[in-house]
Amino acid sequence: MSEIAVKTKAQQTPQVTGAPKAVTALDDRLAAMSLPQGGFSAPARAEALSRLRVMGLPGPRDEYWRYTDPRLFNVPGPQPLPFDAKAPESPLFAQRDTLTLVFVDGAFDASSSDELALEGIEITTLAHADAAGDHWAAGLYGALEAAGQQPVKRPFAALNSAAAADGVLIRVTGTPSKPVHVLHRRAADAADAVWHHVIRLEEGAELTFLESGMVGARSNAVIEVDLAQGAKLHHITAKRAIDPKVGLSHLFARVAEGAVLKSFSLAVNGTHMRHEAVIDMAGDDAVAHVAAAVLGDGATGRFHHDDTVFITHGAERGESRQVFKKVLKNGATGVFQGKILVKQGAQKTDGYQISQALLLDEASQFLAKPELEIYADDVKCSHGSTTGAIDEHALFYLRSRGVPMDRAIVFLVLSFLADALEEVEDEGLRAEINERLEEWLTSHA
Amino acid sequence: MLKINDLHVKLEEEDKQILKGLTLEVPAGEVHAIMGPNGSGKSTLSYVLSGRDGYEVTGGDATLDGASLLEMEPEDRAAAGLFLAFQYPVEIPGVGNMTFLRTAVNAQRKARGEAELSSGDFLKIVRAKAAELQISPEMLKRPVNVGFSGGEKKRNEILQMAMLEPRMCILDETDSGLDVDAMRLVSDGVNALRSPDRSFLVITHYQRLLNHIQPDVVHIMSNGRIIKSGGPELALQVEENGYGDLLAEAG
């Protein structure tokens, strides 16, 4: 953990020819989308669009996009991804008792979903709420995204707020008896899905929010999470990507006094992905844990997975924890950019960050940029980043018991990922994710 | 059962010869002990026999029931009946002890063409054997060796041995780090496994372990060779006088 592995990669970037061209690229990008009009979100969408016009799309020379080429997100449309409707689905969490909302290419499909009724929550969809007019989410939609644009610009999040066709809006007042589960399905080959969820937990409320299923050729997701005092959200996302999937997501969260956010994501395959988490530890004693387990195989072309995290401690005794683990092979690239910002006065902050890569061959690489910026004088913050291969001694131990080599490697990969999975509190969910990982590893050994 | 003939081994990455013509035979049903000063090559011998990377065999051979071990992968040696109880058992977070044990048992059964144990049968057997070694059901559920005390790790090694039922067991300083009670438990576990068709090679620094696990033959190893073999009294002699006399005698 003492070793900080930062490997810089020579980037071949095209010449940037000044601002006018960037505006054109953005215009092209916007022209390819249909921006929703009217409804409760209209003012927020208009603001997001003007934010975006000021920012423009990121260029490859943008420092925040140093390790991940933004061009696949900049182009007007994705490369089509043929969809086999007969392919078995078997998404995670499907066997559980959940309130399930099915989204097809980012749009709510009422006919395949459960009735939107569950004690302790108000739940509707963005498109539906927009059609109906006034809504409680009016003060929140786009607001956390807007706040999260400082100090680092996140143009694709603003693009999402402006353009999201649908999403789920959840207000929790109690402790619902079961999780809310958004299950994604695909339909069109060249789907460019843009969805935006808003989740508000009132004082002392609790929710488990799951996302799974398959997403299309390209996706841009935003989740805005607002946790009132003492609220607790478990957020688990385990979407299945298929090459050549291009995906981008942002989680914006505001955590009030004594509230708890636990967010875990599982990523298996895909082509070019970036997930950002922007967390504002606004209240005293706030807790936020973000974790990810990533399995990347570059064998089918390319694998690039970027986790970018920005946690701001603005109050006392906040506890934040980042645990990111990536298993990479066949020329896969993993990226981690994680920052903990402790503002003046955020005394007794406890910030922890670990990012680790297990490289299964020499062709794969991990690029890590851990950052701490601290303006308070009584805090505990640590970060570590390691890149390593399979532990030969442990491998020998397992094999000496008769466990065949490929099976032993599966064990050691699961072992490597265990710390990230520990962040899933619910044992049943954790076991299900672990089982899925094991299946995947066994079939791809 | 185990025959080692004129074995020469060097480190792969350094020009350093560790075993320099070691010859040893452990017949079926016997317990042999190897004692020797630090650096004599005892642990290397155990690793080379079980197939750890990093060593190069430059001469000689080692066979188990007539089959040459040195060309086999570690898992194949295990399936052939070889077991090494590690001096420092490895911790594997995130992998349950039971899952690991069951995978190992069934992989070996499969390699030998036997039917795999059902989870019910496996559970019954492992619970009974764990109880004999005072390994709690809670310990079985924990990740492999994680949070285990030194004694618990060694008992877990013996549990693995009991479950895998190897023909040839090598114990590499199994007594290190054990208190008196733990040593008795581990020894009882080993003694319970003694049988006419199972052999043991016990590597130790101290005669004390041999009070509990009584050897048929004691070998003294120094500088990569067996320099003297004898009965249990040889271990007592070492305990009494150290290795000095024996080394001088061997020249």
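Reader: How many salt bridges does a search of the whole structure find over all chains?
Author: This is a predicted model, where local features need pLDDT of at least 70 and side-chain atom pairs count only at pLDDT 80 or more, while totals for chains, interfaces and linings use all residues. Residues are numbered from 1 along each chain as its sequence is written, chains are lettered from A and ligands numbered from 1 in the order written, and side-chain values use heavy atoms, without hydrogens and water. A salt bridge is a side-chain nitrogen of Lys or Arg within 4 Å of a carboxyl oxygen of Asp or Glu. Over all chains, the search gives 41.

Reader: Which residue forms a salt bridge with Arg254(A)?
Author: Look for a partner whose O atom comes 3.0 Å from an N atom of Arg254(A). Arg254(A) lies in strand 10 and its partner in strand 8 of chain A, so the pair ties together parts 28 residues apart in sequence (strands are DSSP E runs of at least two residues, helices H or I runs of at least four, numbered from the N terminus). The partner is Asp226(A).

Reader: Is Asp226(A) buried or exposed?
Author: Buried means under 20% relative accessible area, exposed over 50%, and partly exposed in between (1.4 Å probe, protein chains only). Arg254(A), at 33%, counts as partly exposed. Asp226(A) has a relative accessible area of 5%, so this residue is buried.
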